[in-house]
Amino acid sequence: MKIRVLGCAGMVSTDSKTSAFLINDRVLLDGGTICSSLTHDEIKPLKHIFISHPHFDHIKGLPTLAENLVFMQEKGPVTIYGSEHTLNSIRQHLMNGIIWPDFSVLPSEDAPILKYCRIDEGVAVHVEGLSVTPIFLCQNFTDFGYLIDDGKSTLLYTSDIGSDSKLTIKGTVPDSMIIEISFPNEKEELALQTGHLTPLLMIDMIQKLTVQPRNIFVSHIKSYFRDQIIAEVQALGIPNLVILNDGDILNI
Ligand SMILES: [Zn+2]
């Protein structure tokens, strides 16, 4: 499986872009960064986008993607998948005809450029040779992580997981896992308040899992604290852990 990291930061700055992971050049996990990282030729094969939750840093690339697709005269639709809560949030608060046009009825109701598809926990979606299974991440059962299987390898994408997550891995043991660390250890209270992890909270989370992935990739670092977080992660001495950078290409 090829994973191209379009963005993996927990905030926007001159040198950091927010969450979006392109799988096998065709399927996107989260939509925080799209057109600022992909050329128009690279956008064309992209027809399926799975959103973990509706926070702005995970969806902010969607409106400008829709605009580019219309100008490119691409045939739709690009399908956006997520929980009912996630899709309703995007429709009501982002592409609602006020903040941005509703591209699920444009350029025409008969041939829109975007389509929304509600998916359910544990029910796999099969697209582009991938099996994508939504997994509940949080206690109110609205946010999804995704287990992606291309027949050769498996990836567990846990997005913004938070230390109160009840994530459990059933069945397939993922080869690799993307997990977030947003704040340094000294900001643990802020991490807990905002549903994010520090290096020490991340270790707790990994140890709670009944199975251990072979590779652990760290994303969502708030770039303001990047050097501090990297030093704290390195001090943990976890041999199979890699800190992701925007633009990375992984083959797992
Ligand atoms: Zn986020």
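A residue is called buried here if 20 or more other C-beta atoms lie within 10 Å of its own, exposed if 12 or fewer do, and partly exposed in between, with C-beta atoms placed from the backbone. The structure is a predicted model, in which local features need pLDDT of at least 70 and side-chain atom pairs count only at pLDDT 80 or more, while totals for chains, interfaces and linings use all residues. Residues are numbered from 1 along each chain as its sequence is written.

Of its 6 residues, 5 are buried, so S9 is largely enclosed by the rest of the structure. Strands (E, at least two residues) and helices (H or I, at least four) are DSSP runs, numbered from the N terminus. S9 has a partner in strand S8 (residues 130-136), antiparallel to it and joined by 6 bridges; strands pair if DSSP finds at least two bridges between them. Within this pairing, Phe136 is opposite Phe144 of S9. S9 also pairs with S10, again in the antiparallel sense, over 4 bridges. There Ile148 faces Leu155 of S10. The hairpin of S9 and S10 has 4 residues between the strands, and Gly151 in it takes a positive phi near 90°.

S10 (residues 154-157) runs parallel to S11, and 3 bridges join them. Leu155 has Ser176 of S11 as its bridge partner. These strands belong to an open sheet of 7 strands with mixed pairing, in the order S7-S8-S9-S10-S11-S12-S13. At its edges are S7 (125-127) and S13 (241-243), each of which pairs on one side only. With direction ignored, neighbouring strands of the sheet are turned by 20° against each other on average; the angles are taken between axes, which are lines fitted to C-alpha atoms, and run from 0 to 180 degrees between N-to-C directions.

Helix H6 (residues 199-208) has Pro199, Leu201 and Met202 as buried residues. They cover an arc of only 155° around the axis, which puts them on the same side of H6; the arc is that of the directions from the helix axis to the C-beta atoms. The face turned away from this buried side carries the exposed residues Asp204, Gln207 and Lys208. Strand S11 (176-180), helix H5 (188-194) and helix H7 (226-236) are among what covers the buried residues of H6.

The largest nonpolar core has 56 residues, and those with the most contacts inside it are Phe21, Ile23, Tyr146, Ile148 and Tyr157. Such a core is a set of buried Ala, Val, Leu, Ile, Met, Phe, Trp, Tyr and Cys residues joined through C-beta atoms within 7 Å. Apart from neighbours within four places in sequence, Phe21 is in contact with residues including Ile3, Leu29, Tyr157 and Ile178, where contact means that the C-beta atoms, placed from the backbone, lie within 7 Å.

Lys75 lies in the loop between helix H3 (62-71) and strand S5 (78-82). It counts as exposed, because it has 11 C-beta neighbours inside 10 Å. The C-alpha atoms of Lys75 and Ile113 are 7.0 Å apart, although 38 residues separate the two along the chain.

Finally, the chain as a whole. It has 7 helices and 14 strands. Of its 252 residues, 39% count as buried. Its C-alpha trace spans about 55 × 40 × 35 Å along the principal axes.

Notes
Two residues are in contact if their C-beta atoms, placed from the backbone, lie within 7 Å.
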